[in-house]
Amino acid sequence: MQDMETRFMELASMGFECSQILMMLFLEMEGKENSDLIRAMGGLTGGMGRTGGCCGALTGGAAVLGYFTARGEYEEMEHEKSREIIASYVQWFEETYGAEYGGCNCCDIISGDYSKCLLVCAPIVQECFEKIMELLTEYEILEC
């Protein structure tokens, strides 16, 4: 995959946002596309429908981890550590960004100014991607 920051900017310039971009990057890594899933991830952007609520990099990251570890079919079993993995990501995000910005809501992180998204969110999404990769590797779900 090309440089993360470059790819983020390409996807952002096409109108995709944090949660969508995170999922797209992981799908691309697997050589997959899923426009229905990316569309659904759009509900998480801007703090869930641009309400300024919970950051889309947090909820989107949890969704990416769920994509790899949760149950998707009746016969399927979720990964035995699925909830632990997702909880670890949430805790990391809260300790990292909640502490830095005074909360994990989109409005905390960008101070309610959506024009700051590219400047502020690009490095956050990149660090979230790296943390998700770290967790998926640590729990032997993906091999680097």
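**Reading the helices**

Guide: Let us begin with Lys131, which is found in helix 8. Helices here are DSSP runs of H or I with at least four residues, strands are runs of E with at least two, and both are numbered from the N terminus. This is a predicted model, in which local features need pLDDT of at least 70, side-chain atom pairs count only at pLDDT 80 or more, and totals for chains, interfaces and linings use all residues.

Visitor: Is Lys131 buried or exposed?

Guide: Buried means under 20% relative accessible area, exposed means over 50%, and partly exposed is in between, with a 1.4 Å probe and protein chains only. Lys131 has 14% relative accessibility, so Lys131 counts as buried.

Visitor: Which residues is Lys131 in contact with, leaving aside neighbours within four places in sequence?

Guide: Contact means heavy atoms within 4.5 Å. By that rule, Lys131 is in contact with Tyr89 and Trp92, once neighbours within four places in sequence are left aside.

Visitor: Now the whole protein, please. How many helices and strands does the protein have?

Guide: The protein has eight helices and zero strands. Along the sequence, the pattern reads α-α-α-α-α-α-α-α.

Visitor: What does the radius of gyration say about the protein?

Guide: The radius of gyration is taken over C-alpha atoms, and the globule rule is 2.2 Å times the number of residues to the power 0.38. For 144 residues, a compact globule would have a value near 15 Å, and the protein has 14 Å, which agrees. The C-alpha trace spans about 45 × 30 × 30 Å along its principal axes. As for burial, 44% of the 144 residues count as buried. Among contacts with a separation of 6 or more, 61% come from residues 24 or more positions apart.

Visitor: At what angle do helix 1 and helix 2 pack?

Guide: Axes are lines fitted to C-alpha atoms, for helices over the stretch in contact, and angles run from 0 to 180 degrees between N-to-C directions. Helix 1 (residues 4-13) and helix 2 (residues 18-29) pack at an angle of about 120°, and their axes are 10 Å apart. That makes helix 1 oblique to helix 2, because angles under 35 degrees count as roughly parallel, over 145 as roughly antiparallel, 65 to 115 as roughly perpendicular and the rest as oblique.

Visitor: Which residues of helix 1 and helix 2 meet?

Guide: From helix 1, Met4, Arg7, Phe8, Leu11 and Ala12 meet Ile21, Met24, Leu25 and Glu28 of helix 2. By class, this contact of helix 1 with helix 2 has seven nonpolar, no polar and two charged residues. Here Ala, Val, Leu, Ile, Met, Phe, Trp, Tyr, Cys and Pro count as nonpolar, Asp, Glu, Lys and Arg as charged, and the others, Gly among them, as polar.

Visitor: How do helix 5 and helix 6 cross?

Guide: The axes of helix 5 (residues 56-69) and helix 6 (residues 82-101) come within 10 Å and cross at roughly 160°. Helix 5 and helix 6 are therefore roughly antiparallel to each other. Helix 5 makes the contact with Ala57, Leu58, Gly61, Ala62, Leu65, Gly66 and Thr69, and helix 6 with Ser82, Ile85, Ile86, Tyr89, Val90 and Phe93. By class, the contact of helix 5 with helix 6 has nine nonpolar, four polar and no charged residues.

Visitor: What does Leu58 touch, not counting residues up to four places away in sequence?

Guide: Leu58 touches Tyr89, Val90, Phe93 and Cys104, with residues up to four places away in sequence not counted. Leu58 is in helix 5 and is buried, with a relative accessible area of 6%.

Visitor: Finally, what should I look for in phi?

Guide: Most residues other than glycine have a negative phi. Met48, in helix 4 (residues 45-48), has a positive phi near 65°. With 39% relative accessibility, Met48 counts as partly exposed. Glu140 also has a positive phi, near 55°, and lies in the segment after helix 8 (117-138). At 72% relative accessibility, Glu140 counts as exposed.

Methods
Residues are numbered from 1 along each chain as its sequence is written. Side-chain values use heavy atoms; hydrogens and water are left out.
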